[in-house]
Each structure stands twice: as structure tokens, then as C-alpha cells.
Amino acid sequence: MAEFLKTARTEAERAEDDARVRATVEGILADIQARGDAAVRELSARFDRYEPAAFRLTQAEIEAAIAQVAPRDLEDIRFAQAQIRRFAEAQRATMQDLEVETRPGVILGHKHVPVQAVGCYVPGGKYPMVASAHMSVLTASVAGCKRIVAAAPPVDGKPHPAIVAAMHMAGATEILCLGGVQAVGAMALGTESIAPVDMLVGPGNAFVAEAKRQLFGRVGIDLFAGPTETLVIADDTVDGEIVATDLLGQAEHGPTSPAVLITNSRKLAMETLAEVERLLGILPTADIARASWADYGEVILCESYEEMLSEAERIASEHVQVMTDRDDWFLEHMTAYGALFLGPRTNVANGDKVIGTNHTLPTKRAGRYTGGLWVGKFLKTHTYQKVTTDEAAAEIGAYCSRLCMLEGFVGHAEQANVRVRRYGRRNVPYGTAAE
């Protein structure tokens, strides 16, 4: 049975936090719905101390921001976007339109149609998430979305130059310097100056994630992508330094980011606990990482690889770093996660920033029922059908007529019957099943 060498806050304690976030977000969204731009402006001033003439950047403002980005940084952004575009285009190529003749004269098909207007949220705050612009905006562009609104909060009272550059280079058609719940609320609900979108995508803090949850249905969303989670599955093929580094490398995202180790090696578990404390003494972002580790860090000691797998499936973490003597075995057997990072040469930061896969991934155990953001999330699969011969219309119509009458839908049956009469030249009394 698994032994918990370090535990996190209880589910009950986390539920109290969730309730407070839920109530706050509900009030903010109601205010935006009622007062539009005025509410958004007040919220931006309150939370970000930012109150510009307009939240949408002009072309001149975009160019001025890009001019502030160092040439090396621009080149790095281009490199990252090239990797992400290459993988997204390969994914899109797997999604083919379909048309098939299932019976003579009966043609069925589907088309993959891009969502027409999407809102891409890019987190800012303490860590301006330049990479999130690639992941959402560029992927929407590859999917063929016509209107791509990108929003990120101000940093030090102004648009963050590298985020603006990444948004623009990725294909954003509108760029907003607007953050938090007010950003996703404005994009989803619409205001006097911001036209509403059809879908919201992108990660964010607990408040942004909750706003997306409450707005779901009014607009589509990619998934519930809240505070970052990381899980390391490791055995004695690696050491405590690399495990602790991978745990704290994600814990620095924020004070509510779970970081969990599952291992079958007591020696590695104890090494990792010691290394975490050592690294927290030298890590520049230790204040945040320490809070996250204290409240959300866990170390779980298992008796076997099968038990390690079971615990990993229960947790269903966003990021799962696997460093064992059987990494491919975990790849074959795991079913609930956001993304896998296999082997000690691989790491979550690569996936977050540059390697090419998307870093917007399911959190809070949503990996049990959905994958992460990808080009397919921006595509709707719509079906169509057509009957091209009189014989097919009569044949399908007769079956349809009888099945509709079986259910008591006489009006439905008459939709079929009128075609049996017209194209099959058969006498079907009104309101009866075709023979």
C-alpha cells in the first residue's frame, strides 16, 4: 500500500478556496454583463492599475512594442513558433474531410470547420507567459480561425513587448492589453468596444479558470487549465537532484501548484526531500516555490510499478515526468494525464516553451476525459448527408417512416412518406407507416 512521506492540503481545505474564487468570479462576470466597458475599465484599474484610452492596441502600438524586443529574443520566439507550427500542421493533416456512399444513392460526410472567432488568454502577472501566445494564437491560426483575439495583462503598467511580439507573429488579428477575469469576461460576453468571441482558450490562475468554467455554454472553451500541476514518476535510475529540480521547476508557477513525486525507492524519496530543501535555499523564485511545496507538495512511496501506475492514474496530473527503467511501459499503460515527458533527458520546461507540443493542458484531474489544446480543438466536425436517386429516397424513406411511427412521431413519418410517395411512386395513406 502506498505510503505518503509528505502530504498536501486536504480536499476540504481546497474546496473552501474554490468556493471563495467561485463567488468572486460570479460577481465580476455579472458586473461586466451589466456595465460592459465601464466595468472592464474599473476592474483593470483596480487589479492591474491600468486604464488606457483603449484596451485594443493599434498597429503603431504593436510595432512600438516589437521594436523594444531584443533581436536574440525575437529569433528565439521565431524558433519556438516554427516548432509549434510544424507539429500543429502535422496534426491538422491527420484530420481529413470525409464523404462516403453508404448505400447506392446515399452519401454521408463530414467537414472540419474552424471556429470563426476565438479569444486567446495569455497569463501575465509575475511571470509573463510569452510561450502561451504561441500555444493558443498560432494553433488557432493553423486551424484556420478567421478572428483571433489575444489578451494579456499589462506588466509594469504597459503591454509586455515580448508577449505582444509573440501574439503578432503568431497571427493575432486583435491584441488587447487586458488581464484576468475582466479579459476573459469581456471577450466572452462582449462590450461596447470588444465584440464577443465564440470560444475561449488558454491557461490562467484559479480565477481565470473559474471564469472559463462559468462562461462555458455561452461560449466554448478548450479545457479547464488552471494552476500548473506536475507529477514525477521515478525509480532509482535517477537521483534526488534531478527529481527535486523538476518538481520545483513547476512549483515556481504559483503558490497553488501541486508538485508530486511517486517512487518505489525510499532512498530516492528521502534524497528528493533533502534536495528540495537545499534547492529552496538557492532558487531565486524560492518564495513562491516554497509555498507551493509546503501546501501542495507530496511524496508517495509505492511497493511496485503497478502501484505507481495506479497512483498516477488517480492523480491524473497535468504534466507527468517519467524517469524509470520502463518509461515506454508507462506510455503504453497510462490513460489519465495532460502530457507525458519520457526519460531524464526530457523535461516539462521543454514542452512549456519550445519543443513543439502544446502546453495548455488539463488540470484538476480533467485528463481523465480530455486531452490538451491542439489544432483539433479549434475545428468543429459537422456532418452532412444527401440522397441522390429516387430509389434511395424511397428505400430510406420507408425504413424511416416505420421507425418514426414506432416512436409515435407522425409528423416525422410524413417527412419520409412524402418522399416515398413522390420518388417511389407508392401510395402511403397520410399518417400511416410505409409498407
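Visitor: Which strand does Leu200 lie in?
Guide: Leu200 lies in strand E7, residues 199-201; strands are DSSP runs of at least two residues (E), helices of at least four (H or I), numbered from the N terminus. This is a predicted model, where local features need pLDDT of at least 70, side-chain atom pairs count only at pLDDT 80 or more, and totals for chains, interfaces and linings use all residues. Residues are numbered from 1 along each chain as its sequence is written, and side-chain values use heavy atoms, with hydrogens and water left out.
Visitor: Is Leu200 buried or exposed?
Guide: Buried, with a relative accessible area of 1%. The cut-offs are under 20% for buried, over 50% for exposed and partly exposed in between, using a 1.4 Å probe and protein chains only.
Visitor: How far is Leu200 from Gly220?
Guide: Their C-alpha atoms are separated by 6.2 Å, though the two are 20 residues apart along the chain.
Visitor: New topic: which residues does the UniProt "binding site" annotation cover?
Guide: The unreviewed entry lists Thr228, Gln250, His253, His319, Asp352, Glu407 and His412. Positions follow the numbering used here, feature names are shortened, and annotations may be inferred rather than shown by experiment. They are spread over 185 residues of sequence and up to 56.5 Å between C-alpha atoms.
Visitor: Why does His319 count as buried?
Guide: Because its relative accessibility is 1%.
Visitor: And Glu407, buried or exposed?
Guide: Glu407 counts as exposed, at 60% relative accessibility. Glu407 lies in helix H15, residues 390-407.
Visitor: What does the side chain of His319 reach at 2.8 Å?
Guide: The backbone oxygen of Glu229.

How values were computed
A polar contact is a pair of N or O atoms within 3.5 Å; within protein, one must be able to donate a hydrogen and the other to accept it, and residues adjacent in sequence count only if both atoms are side-chain atoms.
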